[in-house]
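Q: I would like a close look at one part of this model. Please keep it brisk, and start with the charged pairing.

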Amino acid sequence: MTTVVDRIKKANDVYDDCGIVVASIEYLTISLLILAFNTVWTRTDSLYSHVPLIKLVACTAGFALPLIWAVKKPAGKLSMLPFVLVAGLGFCVSCFLTSNIAASLIAYLPVIMSCAYAEFCEELEVVTRFLTRFVNVVLVLAGISLFFFIFGSTLHLIDPSGTVSYQWEVIRRANSYWSLYFETQTIDFLSYSGIRNDGVFCEAPMFNFVLCLALMTNVLLLKGSRLKSLLICVTILTTFSTTGYMAILIVGAYLLMVAKVNNRLIYALRTLLIPILVVGIVVACVLVLGDKSDTGSYGVRSDHLIGCTQLFFEKLPLGSGFGDDDLFYSVFEFDQGLSIGTMYLLAQGGLFAVALYAVPTFYAISSGLRQKDWAFIAFQLAFMWLVFVTQVVTLPIFWLFTFLVLYKWPMLVVGASNREELARLDV
């Protein structure tokens, strides 16, 4: 009987036969989908006016992913077609509501791109390869940023190579380390006061989002290298983001609860300590959030959550459409950008957005519970938390994970035995 491990190893051999060109295209496309959004590079004076074009190019480049596999394997049963139709209808409605074709296209093109890629992912090997390469790309970003954060921003052993101007609501300036790392934000967090590790992004929440996705994927789905997880986890800590800390707590709580313990005494003690640890985590979260409640980010997020929820119910069933940000600012007390994800998506997309995001989410939850796949459940909880508090709902990476992981992963990984086989594979 062919095991999951055998299938993945066989896929590795077939993929290697395709040559380095195909692998390079996939790596390049993943990198572009991550870096083309809200990085300092795309917000510089020379490129800022072309941001909509850059986003469209990045989304279009994402079609290189399904094309790679379309050449090798025809589509299956067109299981993603209903989502494509909903996205197409949502696009037409959004254009009618706002007359902003570019914003509507930027919002719905990543959905169609992600559906196209998920359609051709009929093998577990294909998905694991994409996820592994995603983790590798983020690992490079994490390593570079951590190096400059420690030796530049913290120890001051390396001086900035210059400064750069970029557009982020207003014109801002940041220290640049050879355009590989930028000092864009400072923070007062608990007892720390200094630079946040934002990598090449304009704000820490964007960097934190991809870091947390990589950590969750490597630990909970791929059962990958502990060294990779440690490096990414340390980088998340240097972003000083409570969102990232919550994600780490979810991953850590899962690892604690499923860790194998041979000693009966230690097992009994762990069983007794788990409720105490859960209470401790809750208390720690309250303390951290209490500290953050005195900062602007807490008030802005609360304000935006209330405003988006109000608009969601007012604009049902069609939503407000994409591109009319003035409507949101009219109900916000704080109009310094948008700082939440899920409710912002639902307010704009109405029932179309509910179908595109909620259906894969509920399917993933039911599949995880039915298969008793607690690692997958932990991934979903962390993912929903990240999306809820971070404005990433128009990013291709968000939609790729929504359809590829939440919707397609449980179809490909069936039962605990397959997960155990996958865990033994060094990816």
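Which residue forms a salt bridge with Glu26, and how far apart are the closest N and O atoms?

A: This is a predicted model, so everything below is read from predicted coordinates. The partner is Arg133. The closest N and O atoms of Glu26 and Arg133 are 2.9 Å apart. The salt-bridge cut-off is 4 Å, so this pair qualifies. In general, side chains of opposite charge can pair when their charged atoms come close. The count by this rule comes to 1 salt bridge.

The pair links distant parts of the chain. Glu26 sits in helix α2, residues 20–35. Arg133 belongs to helix α7.

Glu26 has 0% relative accessibility and counts as buried. Arg133 has 9% and also counts as buried.

Take α2 first. Thr42 lies in the loop between α2 and α3, the latter being residues 51–61. Thr42 is buried, with a relative accessible area of 9%. A polar atom of the Thr42 side chain lies 3.1 Å from the backbone oxygen of Thr39.

Then α7, which spans 124–154. The loop between α7 and β1 (162–168) holds Leu155. Leu155 has a relative accessible area of 45%, so this residue is partly exposed. Leu155 is also one of the residues in a nonpolar surface patch. The patch is formed by Phe147, Ile150, Phe151, Leu155 and Leu157. Together they have about 450 Å² of accessible area.

Helix α6, residues 101–120, contains Ile112. The relative accessible area of Ile112 is 27%, which makes this residue partly exposed. Leaving aside neighbours within four places in sequence, Ile112 is in contact with Phe63 and Ala87. Gly88 is 24 residues from Ile112 in sequence. The C-alpha atoms of Ile112 and Gly88 are 8.2 Å apart in space.

One last site lies further along the chain. Leu316 is in the loop between α12 (296–314) and α13 (325–329). Leu316 counts as partly exposed, at 36% relative accessibility. Leu316 and Leu351 are 35 residues apart in sequence. Their C-alpha atoms are 7.3 Å apart.

Conventions: Residues are numbered from 1 along each chain as its sequence is written. This is a predicted model: local features need pLDDT of at least 70, side-chain atom pairs count only at pLDDT 80 or more; totals for chains, interfaces and linings use all residues. Side-chain values use heavy atoms; hydrogens and water are left out. Patches are made of residues with over 30% relative accessible area and no salt bridge: like charges are joined within 9 Å, nonpolar side chains (Val, Leu, Ile, Met, Phe, Trp, Tyr) within 5 Å. Accessible areas come from the Shrake-Rupley method with a 1.4 Å probe; for residues, only the protein chains shown count as cover. A salt bridge is a side-chain nitrogen of Lys or Arg within 4 Å of a carboxyl oxygen of Asp or Glu. Helices (H or I, at least four residues) and strands (E, at least two) are DSSP runs, numbered from the N terminus. Buried means under 20% relative accessible area, exposed over 50%, partly exposed in between (1.4 Å probe, protein chains only). Contact means heavy atoms within 4.5 Å. A polar contact is a pair of N or O atoms within 3.5 Å; within protein, one must be able to donate a hydrogen and the other to accept it, and residues adjacent in sequence count only if both atoms are side-chain atoms.
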